[in-house]
Amino acid sequence: MCHFYSHVCIYTPKPSTHPPPSKLPFLRPESLCLFSPPIYLAVKGVVFDVTSGKEFYGRGAPYNALTGKDSTRGVAKMSLDPADLTHDTTGLTAKELEALEDIFTKVYKAKYPIVGYTARRILNEDGSPNLDFKPEDQPHFDIKDEF
């Protein structure tokens with residue numbers, strides 16, 4: 001089931017311990033920041049609950065700058081520079097893209113639950129559903145079944 005909040009979509013693939021979608025707060029596209037806990041971070045348009053890693057992502061922790069937004073570029077470049085804390089992968093080198101895929105798979109997908117997807121992942125520029133969307137944890141999902 002897909003729930004839209006402004007320009008961010010929280011896709012709920014299966015029942016979880018998270019609050020029901022009707023209880024989820026309004027999320028602005030420029031900020032996935034929710035008051036702690038939980039601590040959310042997006043990479044490649046996939047929103048992860050990194051609360052269990054609060055010693056890394058919590059307030060004052062080394063990677064806190066990555067939270068509350070899609071920080072794909074920063075993860076790829078291993079950078080906390082505010083200019084790199086964006087979803088934009090334009091101009092990344094092959095090595096940076098390889099590092100991104102490695103960290104995405106071996107760190108985020110392996111350690112943290114997926115709690116949603118950003119609008120850029122689910123929707124086309126015109127707001128219509130991206131028919132090529134596949135949730136990371138459900139390879140047989142077909143978005144057409146949701147609409």
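The charged end of Lys-44 sits over the ring of Phe-104, 4.3 Å from the ring centre (NZ of Lys or CZ of Arg within 6 Å of the ring centre and within 35 degrees of the ring normal). This is a predicted model, in which local features need pLDDT of at least 70 and side-chain atom pairs pLDDT 80 or more, while totals for chains, interfaces and linings use all residues. Residues are numbered from 1 along each chain as its sequence is written, and side-chain values use heavy atoms, without hydrogens and water.

User: Happy to start with H3: where does H3 bend?

Analyst: Helices here are DSSP runs of H or I with at least four residues, and strands are E runs of at least two, numbered from the N terminus. The bend is the angle between axes fitted to the seven residues ending at a residue and the seven starting there. For H3 the angle is about 35°, and the residue is Phe-104.

User: Which elements do the buried residues of H3 pack against?

Analyst: Buried means under 20% relative accessible area, with exposed over 50% and partly exposed in between (1.4 Å probe, protein chains only). In H3 the buried residues are Glu-96, Ala-99, Leu-100, Ile-103, Phe-104 and Tyr-108. They pack against strand S3 (40–43), strand S4 (46–49), helix H1 (54–57) and helix H2 (72–77).

User: Good, and which residues touch the most other members of the largest nonpolar core?

Analyst: Such a core is a set of buried Ala, Val, Leu, Ile, Met, Phe, Trp, Tyr and Cys residues joined through side-chain atoms within 4.5 Å. Of the 23 residues in the largest one, those touching the most other members are Val-43, Phe-48, Val-50, Tyr-57 and Tyr-108.

User: Which element gives the most to this core?

Analyst: S3, S4, H2, H3, strand S5 (114–118) and helix H4 (119–122) each supply at least two of its residues. With four residues, the top contributor is H3.

User: How many aromatic pairs are there?

Analyst: Rings of Phe, Tyr and Trp (its six-membered ring) pair if their centres lie within 6.5 Å; planes under 30 degrees apart count as stacked, over 60 as edge-to-face and the rest as tilted. By this rule the count is seven.

User: Why is the pair of Phe-48 and Tyr-108 tilted?

Analyst: Phe-48 is buried at 0% relative accessibility, and Tyr-108 is buried at 3%. Their ring centres are 5.7 Å apart, and the pair counts as tilted because the planes stand at 35°.

How values were computed
Contact means heavy atoms within 4.5 Å.
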